[in-house]
Amino acid sequence: MEPTAGLASLFDRHRGELLRFLRARCGNAYEADDCLQELWLKAANNPSGPVANGRAYLFRMANNLLLDRRRGQYRAMQRDRRWLEGDGEAVASELRADPALPPDEILARQQEADFLAQAIAALPPGAQRALRLHRFDGHGQAEVATIMGISRSGVEKHLALAMRHLRDALADCGFFDAAALQWQGRSDAARPRPDEKL
């Protein structure tokens, strides 16, 4: 695990990579440079504890920073549109938070769901089937064992493999850092059984 005090030095090592990432998503070099500067400030002043994968954490921070900027731009456009349509009159609804998710948040959630679907598709067939039957179809481990024609301990091994694979895949992309930290911080005796929810 890397201490967050080292995030600033890790940022320096991956600065070029982060800038390319931001430029690809911004489409504007000036905005990407501003985002990179803001990201450096956040990395240098981040008060949280150690992270499992510092590089993935930095890229997740960059992505979240872009999402926050897009949300702000979207709200500003909506406010300006309401102002123009209201002929310059103040719009009271501007003071209320919009309960609907902004389009960029919807897109980010879809990207995460797509990534998870790809990670599940990459599982070995037995682990994938056990995971789908247990987590998605709601069958207990004994039922899954009967359906698959294997022992309950075989189901537990498939589920443990599936969860380990998904945790690693999601942690590599920064989606699972907090849970990965919890997992790594537990002793073997305190680790959840494969059928427990994280």
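# Close-up views: figure legends

**View A. Residues E156 and R152 of helix 8.** E156 has a relative accessible area of 25%, so E156 is partly exposed; buried stands for under 20% relative accessible area, exposed for over 50% and partly exposed for what lies in between (1.4 Å probe, protein chains only). The model is predicted: local features need pLDDT of at least 70, side-chain atom pairs count only at pLDDT 80 or more, and totals for chains, interfaces and linings use all residues. Residues are numbered from 1 along each chain as its sequence is written, and side-chain values use heavy atoms, with hydrogens and water left out. R152, with a relative accessible area of 38%, is also partly exposed. The side chains of these two residues form a salt bridge at 3.7 Å, N to O; the term requires a side-chain nitrogen of Lys or Arg within 4 Å of a carboxyl oxygen of Asp or Glu. Both residues lie in helix 8 (residues 152-172), four residues apart, about one turn of the helix. Helices (H or I, at least four residues) and strands (E, at least two) are DSSP runs numbered from the N terminus.

**View B. The salt bridge of R70 with E31.** The side chains of R70 and E31 meet at 2.8 Å, N to O. The pair links distant parts of the chain, with R70 in helix 4 and E31 in helix 3, 39 residues apart. R70 counts as partly exposed because its relative accessibility is 23%. E31 counts as buried, at 13% relative accessibility. Leaving out residues up to four places away in sequence, E31 touches C26, R69, R70 and Q73; a contact is a pair of heavy atoms within 4.5 Å.

**View C. The salt bridge of R69 with E38.** The closest N and O atoms of R69 and E38 are 3.3 Å apart. At 25% relative accessibility, R69 counts as partly exposed. E38 has a relative accessible area of 28% and is partly exposed. The structure holds seven salt bridges.

**View D. The crossing of helix 3 and helix 4.** Two packed helices are described by the angle between their axes and the distance between the axes. The axes of helix 3 and helix 4 come within 10 Å and cross at roughly 125 degrees. That angle makes helix 3 oblique to helix 4. Axes are lines fitted to C-alpha atoms, for helices over the stretch in contact, with angles from 0 to 180 degrees between N-to-C directions. Angles under 35 degrees count as roughly parallel, over 145 as roughly antiparallel, 65 to 115 as roughly perpendicular, and the rest as oblique. The crossing is right-handed; in such a crossing the near helix is turned clockwise from the far one by less than a right angle, and in a left-handed one anticlockwise. On the helix 3 side, the residues that meet helix 4 are E31, D34, C35, E38, L39, K42 and A43. Their counterparts in helix 4 are L58, M61, A62, L65, L66, R69, R70 and Q73.

**View E. The largest nonpolar core.** This core has 21 residues, and those with the most contacts inside it are L18, L22, L39 and L58. Helix 1 (7-13), helix 2 (15-26), helix 3 (29-44) and helix 4 (54-85) each supply at least two of its residues. Helix 4 gives the largest share, seven residues. A nonpolar core is a set of buried Ala, Val, Leu, Ile, Met, Phe, Trp, Tyr and Cys residues joined through side-chain atoms within 4.5 Å. Neighbours within four places in sequence aside, L22 is in contact with A32, C35, L36, A62 and L66. A second, separate core of 16 residues includes L123, L131, V144 and V155.

**View F. A44 of helix 3, with S9.** A44 is partly exposed, with a relative accessible area of 35%. The C-alpha atoms of A44 and S9 are 8.5 Å apart, although the two residues are separated by 35 residues along the chain.

**View G. The whole chain, for context.** The chain has nine helices and zero strands. Of its 198 residues, 33% count as buried. Among contacts between residues at least 6 apart in sequence, 63% join residues at least 24 apart.
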